[in-house]
Amino acid sequence: MKLKIFDVDKEDCEDEQGFWEKIRDQNELRMNSIERKIIHKVVRANSKRMTVVAVVNAETRERFLQLEKLKIGWNICRVQDYVGILRCFKCCGYYHFAKDCSKLKEICGKCADQHATKDCNSKTRKCINCEEKIRVYNIKNLKTDHSSYDNNCPCLRKEMKKQRDRIQCN
């Protein structure tokens with residue numbers, strides 16, 4: 001099971017064993033024989049903090065999510081399930097790669113026009129996924145004034161919720 005741990009000080013996870021010991025000791029957890037491994041670190045520009053993506057066993061995941069926050073060094077760090085959603089960089093859709101995309105033309109993830117996202121010069125933002133839901137399902141109150149990559153996109157949030165629900169069922 002993968003988890004995201006937010007706002008971890010870079011120094012606190014330089015030594016992985018020390019990182020897990022801090023979590024165990026500062027949060028009064030039993031973590032002797034659990035599976036745990038940092039698989040990715042995301043560093044924000046000009047910041048001493050990072051987001052850590054880690055693999056843990058089901059018992060540890062459950063305990064971390066119950067706590068919602070972990071004390072690590074001098075910080076209190078939020079914890080949530082890591083939800084990875086496969087995204088197509090050709091059509092901005094979900095659950096397939098660009099190489100497997102059935103769409104004939106590339107769609108911009110920023111403005112929803114027919115050009116590559118990297119070539120976009122538009123100041124206007126429009127989400128192709130929300131536009132599609134309005135067209136197909138006739139949803140009237142769905143806002144489209146954001147990019148397809150916006151973390152607050154209603155379509156993305158719905159897909160993430162589906163994935164979280166699936167994780168919790170397993």
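Leu86 sits in the loop that runs between β5 (75-81) and α3 (128-137); helices (H or I, at least four residues) and strands (E, at least two) are DSSP runs, numbered from the N terminus. This is a predicted model, where local features need pLDDT of at least 70, side-chain atom pairs count only at pLDDT 80 or more, and totals for chains, interfaces and linings use all residues. Residues are numbered from 1 along each chain as its sequence is written, and side-chain values use heavy atoms, leaving out hydrogens and water.

Leu86 counts as partly exposed because its relative accessibility is 32% (buried is under 20% relative accessible area, exposed over 50%, partly exposed in between, with a 1.4 Å probe and protein chains only).

β4 pairs with β5 in the antiparallel sense over four bridges; pairing takes at least two DSSP bridges between the strands. Lys69 stands opposite Arg78 in β5. Two residues separate the strands of this hairpin, and Gly73 takes a positive phi near 65°.

## The core

What's in the largest nonpolar core? There are 18 residues, and Ile5, Val8, Phe19, Ile23 and Val52 have the most contacts inside it. Such a core is a set of buried Ala, Val, Leu, Ile, Met, Phe, Trp, Tyr and Cys residues joined through side-chain atoms within 4.5 Å. β1 (2-9), α1 (16-26), β3 (49-56), β4 and β5 each give two or more residues to this core, and β3 gives the most, with four.
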